[in-house]
Amino acid sequence: MQKYISQHNLNTLLDKLIAAGTRVVAPRMNTGTPLYEPLTSSSEMITDQLPRRSAKEAFFPVCEDIMTYEKEGQKVSVSDIDPARFPETVLVGVRPCDAAAIPVLDAVFSWDYKDEFFLERRRKTTIVGLACTTADDACFCSAVGLSPAETKGSDLFLTPLEGGGYACETFSEKGETLIANHPELFSEPNNAPPLPLAQPQTEKFDLKRVKAWLDEHFEDPSWDSIATRCVGCGACAFVCPACHCFDIVDEGTEKAGTRRKNWDACGFWKFTHHASGHNPRDQQPKRYRNRIMHKFKYYDDKFGQTLCSGCGRCIRVCPVGIDIAAIVDEIGKK
Amino acid sequence: MTPIDTSIYAAVSAAIRAEAQRILTEGQVSAVVGYTAARRKGSAQPVVITDANDAARLIFTPACVNNLAVYLTKAKKEIPKKGRIGIVVKGCDLKALTGLMGESQLKREDLYLIGVPCAGVLASTFDPARELTADSIAPKCSECDAHLPQGCDFLPPQTPATPALDRKYAAEIARLEALTPQERWAYWKEQFAKCIKCYACRQVCPFCFCEQCLCDRNKPQMVETTPRPAGNTAWHIVRAMHLAGRCAGCAECERVCPMDIPLNLLNRKMAKELKELYDYEAGFEVNDKGPLTSFTEKDDQSFIK
């Protein structure tokens, strides 16, 4: 289904949803930092900046409770968190690189174990994507086969038009329902041309060649030259729309506490630290190698997909300038 | 915005290249830690060079933001520690090395210090091609007293010309000090709420060289590891306290924070307290006893009531 919505009507739509108790998550400023966060009013939404963290947290929060326990005398009671209580959500203004990563994550969260925390939020969320009109030289969506107009992952996709407003296109029943519930805010598509889209400058990777090289080079001296300088923080993984490792910890006292699931990162020293004291990834380049292997080989082996959508966030935030686009490009040319 | 004159950086880069090549060729050092250009326009990255021919890759630009001292600490075991190591240092980085010598982490004779006459570097490398101006310059540079690092083995002859700039930390600390405790608490609660526990602040800090951070321990767990308000606040307070009297203000923690938490404000506030209480400033001379690890009868005792 194709429609048109003006900026004014889009704001009205969001305000109506908020008033009706729907959780509306969109890019907004939090103390100077753009983040995907719940809105209290459509006026908070910003569309001109890529949020610092990806949209994955709408489904896979930085930290969430998964169980609580209480102990009284010899009696222990455990309460599960009920995913049925997660709110209906509309996620708006999602960049194509963020939206495209979400169906990629479905594969791992619904594989042998069905992660109801992720999947229930997926069922209850409508994703409204937004085409990208600006890119910097860290952007490389086009290098991994996506584009600033990529609609993968979006239920409804907005393309900004010359003269204001958006062309709307639906890609699922959820997207159609959103329009059907608010028909007065949408009109028939007009002939205004789209605003010029962003043009990421990175050359397209040969992902088959990249994988073929990775298949054969678990041991290779280039890992040292790539990642000796890696300082071992989790910034790259935490801003990534596709990284999905988490840790589970129990926090509280002997009497009561909570089991929590929170983001983890393969760059951390303790990520593979065994209880015995042994650490199979005993040096930083081995940890960074895992990041590349997981994104461009292991996930492909297991699910036939690439675990990178080219958002460029890890390049921008890396304290020591590790540039995954340069690394993968070079691997593809070996 | 007023541009900062960085025209000396081309000559500084050439001098660094020539010196690195000389000391590697003569075998005076086993490696040189410096900066090299990277793919993105205007970008730079740390590099470890062991072959004299690679010295030609060294640069110094406003994007050479890293404090390379982190590569000489125990936390970074991957850098070979055999023989003397050459390292490119700005004045702020040198203060960290001085502190590490005082804490017996490094020996002066194991280092060959290549100083940088530095007019300033960028606050952030999100856009590494950004021009260096009074607006884009790192706040630490607005308060720098070490544009020419002292006591290096080699210092290019150029003299940086940095105009007087508004002292950004001093102004922000004054603003926060003028708030009520409740308002200040609200400010930091909001900032720490953004923390995602990526530990970039810890990993780039030259003084975070503990082989196992207290905050990574789980038997017993000293600090909640989850990125939630209690654990986040505990983590940042532990860090500020642990760095008091040691941090000399390279501000790497603040630069790398992907959530833009103004971490160096905490460090500068602690430095200000130590100056007032003990007339102590970190990073100027090699001291094996800092103000918080020694006692004299002259120490302020007014807190005992």
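This is a predicted model: local features need pLDDT of at least 70, side-chain atom pairs count only at pLDDT 80 or more; totals for chains, interfaces and linings use all residues.
Residues are numbered from 1 along each chain as its sequence is written, and chains are lettered from A and ligands numbered from 1 in the order in which they are written.

Okay, chain A. Find helix H5, residues 207–216, and helix H8, residues 284–303; helices here are DSSP runs of H or I with at least four residues, numbered from the N terminus. Their axes come within 10 Å and cross at roughly 90°, so H5(A) is roughly perpendicular to H8(A) (that label covers 65 to 115 degrees). Axes are lines fitted to C-alpha atoms over the stretch in contact, with angles from 0 to 180 degrees between N-to-C directions.

Who makes the contact? From H5(A), the list includes Leu207(A) and Val210(A), and from H8(A) it includes Met293(A) and Phe296(A). Contact means C-beta atoms, placed from the backbone, within 7 Å.

Now chain B. Most residues other than glycine have a negative phi. Ala251(B), though, has a positive phi of about 65°; look in the loop between H6 (229–243) and H7 (252–256). Asp260(B) also has a positive phi, near 60°, and lies in the loop between H7 and H8 (263–278) of chain B.

Buried or partly exposed? Ala251(B) is buried, with 25 other C-beta atoms within 10 Å (buried takes 20 or more, exposed 12 or fewer, partly exposed is in between). Asp260(B) is partly exposed, with 16.

How values were computed:
Helices (H or I, at least four residues) and strands (E, at least two) are DSSP runs, numbered from the N terminus. Angles under 35 degrees count as roughly parallel, over 145 as roughly antiparallel, 65 to 115 as roughly perpendicular and the rest as oblique. Two residues are in contact if their C-beta atoms, placed from the backbone, lie within 7 Å.
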